[in-house]
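This report covers one protein model, going from side-chain pairs to helix packing and backbone angles. Please have the sequence and the structure open while reading.

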Amino acid sequence: MPQLDSVQALEARSDSIQAALRAQLAVDENVLATLVVDLESSSLHFGQGMVALTDQRLLSLSPIGDTWTTHSLAPDLWLRSHDHGGVGTLELLSPTARLAIWRFTLGSHAQALKLHRAFDERIASLRSGRAPEPGEPDDDTSFSSDPEPVPSTWVLLRLWRFAKPYRKQLAAGFALTLASTAATLVPPYLAIPLMDDVLIPFQNGAQIDPFKVGLYLAGLLGAAVAAWGLGWARTYLLALVSERIGADLRTTTYDHLLKLSLDYFGGKRTGDLIARIGSETDRINVFLSLHALDFATDVLTIAMTAVILFSINPWLALVTLLPLPFIAWMIHKVRDRLRTGFERIDRVWSEVTNVLADTIPGIRVVKAFAQERREADRFRAANAHNLEVNDRLNATWSLFSPSVSLLTEIGLLVVWGFGIWLVAHQSITVGVLTAFIAYIGRFYTRLDSMSRIVSVTQKAASGAKRIFDILDHVSNVPEPDAPVPLEHARGRIEMRNIGFRYGNRSVIRGLDLDIRPGEMIGLVGHSGSGKSTLVNLICRFYDVTDGAIHLDGHDIRRYRVADYRRNIGLVLQEPFLFFGTIAENIAYGRPDASREEIVAAARAAHAHDFILRLPQGYDSLVGERGQGLSGGERQRISIARALLIDPRLLILDEATSSVDTETEKEIQKALDNLVQGRTTIAIAHRLSTLRKADRLVVMDRGQVVEVGPHDELMARQGAYWRLYEAQVRRVDDDGEEPPAITPPAHAAHPAGDA
């Protein structure tokens, strides 16, 4: 448990640093780049600190302190960075002195490069005298959009986490590999007595001993059969293990991906994530099942062959090793090019999958605007870029492999020449030379095979790097250490001075609001006023950066995320339906619901009648994203889905904004059933859809400016009155009836605190 406690302490330290950094910033100050420094500069003790570059200054926090140091940006400052022994160093220098030094492990290397580059650009703008351009805020210190550092092959060692449960099978596979490799090395050794004791004496007039020949041939046959049997068992066992490691890797990555907060998905492309979980894990799986096994066989064969060669004749063995330094030098030179090349190929391939992920779900829009040719050209361009990058890499690889083969052939010629010289001087027999040539053939074949594995190893390292980028990302909506149980919420929501920032841009500021159990609240305001952000905070898709949101007296961050969200029903403006049957979509939140419960929810959502008109009723297949159903039908299925889980909190986000008047009436009837007895928060631009709200909350620029019932807010002639009048004028210009808002007679209407 001490290790777990240290991890929790680091996470708590990270959260406190982020909060402290936000507190240091001025209102108009933007963070351009951040660097996590995890080594104390003098003692190199581990800790957690930060260096932050803003558009005005450089802020730093020591890994073992709590005091922030500030250095104002000036034209005569510069940064110097270097690394040694796995420790990175960043220095802030002036013409007369070193102002600061920070040290970090190389896991923060990418962040250091980004900060250094951003600092140089800022200083260059100061030296040129032009006004610095506004920087791009660094929304998340855990990742950046800059090109990632070249992946090291050492990242493959992190796969041991997934291989550890199968260590017994892996040990058995290694033993089988050792035994099968030894069996393949027996035949060349038996060639020595066959040549020296049988064939050469026969040429000199001696008789052949049938028993001796039969014994040697039986040995050759036995070695071949043993090598076949052991090789089959080894390949089958390790293939089973690698498939399970690959399956565990995919499952773990997908499970972790689902637990990440929405802001992670906001910065990623769908095609890129699909490629990582699909093709990258498959690439790693192929490496483990085939190439890693071949590599282990190659190493064992080379090592055992070298031992045999030196035991037969050390001088001839030394001549055999002559090409090795040249091959090692070539591998070293080409490895870095392959690493960067395969990393670039991965990024370019993601561009191809991103085009597919954009076009196929949006095919209706593509066809509606007759943009098939444009999308085809976009795919062709991405594919051509992919081809270009592959061609550049193949140019390097195509030269490397034949060069290794040429060196091994030259080595074989040298061995032949030296071996003939030794036979001529009677230092070795013809049988020994024959065995030597046979062993060298195996030695150089395996050496050539090992050199080719460099390519697939770099591919696997690149894939593993992209997989661990997901697994290393920590959700910004963490689970509590000591969760408060939540079974049936009452539905009282209290917001106390809450604030929220997207990166360093303030979206919600100083918001206070109380919502009673069973009360319906309507959120109104201009686009961009913070309504959807507030709903996202209530759903805990994001966590507040200031203040707290309480449900039934407890901070919502004290509840398990899943327990909390089970009490929330969400009906969106664009309902998302999965590929499957109508019944499966309605029961998405409760997969164990009975058919009777599904039908009851559909009846309450006014969806039962149109479902029965479908060819297979509730068993009718819904196309991807609800293709084949109208917008109103999809919305009513979405309402039935929310009804089935019987939530205590209900969120309606523009639930009727994209349908016609008749469909809106049907949906409104369904919503009337849905909101009964539930705490409801509804967002709407059509004020008519909020006619049954107990209170209306008017938002502007991330703050609540008015709270109250319709009549009271109209009497004030404030922000709500202006919204209402603007909508009435717009409706009158369209020749339609103005929105009728009739507050319920039974509701009490406290004004609430803005």
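## Aromatic pairs

F162 and F468 are both buried, where buried means under 20% relative accessible area, exposed over 50% and partly exposed in between, with a 1.4 Å probe and protein chains only. The model is predicted, and local features need pLDDT of at least 70, side-chain atom pairs count only at pLDDT 80 or more, while totals for chains, interfaces and linings use all residues. Residues are numbered from 1 along each chain as its sequence is written, and side-chain values use heavy atoms, with hydrogens and water left out.

Rings of Phe, Tyr and Trp (its six-membered ring) pair if their centres lie within 6.5 Å; planes under 30 degrees apart count as stacked, over 60 as edge-to-face and the rest as tilted. The count by this rule is seven aromatic pairs. In one of them, the ring centres of F162 and F468 are 6.5 Å apart with the planes at 45°, so this pair is tilted. F162 belongs to helix α3 (residues 160-163) and F468 to helix α13 (residues 430-471), so that the pair links distant parts of the chain, 306 residues apart. Y559 and Y564 form a stacked aromatic pair, 6.4 Å from centre to centre with 5° between the planes. Both Y559 and Y564 are buried.

## Overall makeup

The protein has 22 helices and 19 strands; these are DSSP runs, helices being H or I of at least four residues and strands E of at least two, numbered from the N terminus. Of the 754 residues in the protein, 46% are buried. Contact means heavy atoms within 4.5 Å. Among contacts between residues at least 6 apart in sequence, 72% join residues at least 24 apart.

## Helices packed on α6

How do α4 and α5 pack against α6? The table gives the angles and the distances between axes.

| Helix pair | Angle | Axes |
|---|---|---|
| α4 (residues 167-184) and α6 (residues 210-259) | roughly 155° | within 8 Å |
| α5 (residues 186-203) and α6 | about 165° | 9 Å apart |

Axes are lines fitted to C-alpha atoms, for helices over the stretch in contact, and angles run from 0 to 180 degrees between N-to-C directions. Angles under 35 degrees count as roughly parallel, over 145 as roughly antiparallel, 65 to 115 as roughly perpendicular and the rest as oblique.

The angle between α5 and α6 is about 165°, which makes α5 roughly antiparallel to α6. The two cross in a left-handed sense, meaning that the near helix is turned anticlockwise from the far one by less than a right angle. Residues of α5 in this contact include P187, L190 and L194, and those of α6 include Y216 and L220. The contact of α5 with α6 holds ten nonpolar, one polar and two charged residues. Here Ala, Val, Leu, Ile, Met, Phe, Trp, Tyr, Cys and Pro count as nonpolar, Asp, Glu, Lys and Arg as charged, and the others, Gly among them, as polar.

α4 also passes α6 in a left-handed crossing.

## Positive phi angles

Most residues other than glycine have a negative phi. R540, not a glycine, has a positive phi of about 60°. R540 sits in the loop between α14 (531-538) and β11 (546-551), and is buried, with a relative accessible area of 1%. D646 has a positive phi near 50°. The loop between α19 (631-644) and β16 (649-653) holds D646, which is exposed at a relative accessible area of 51%.
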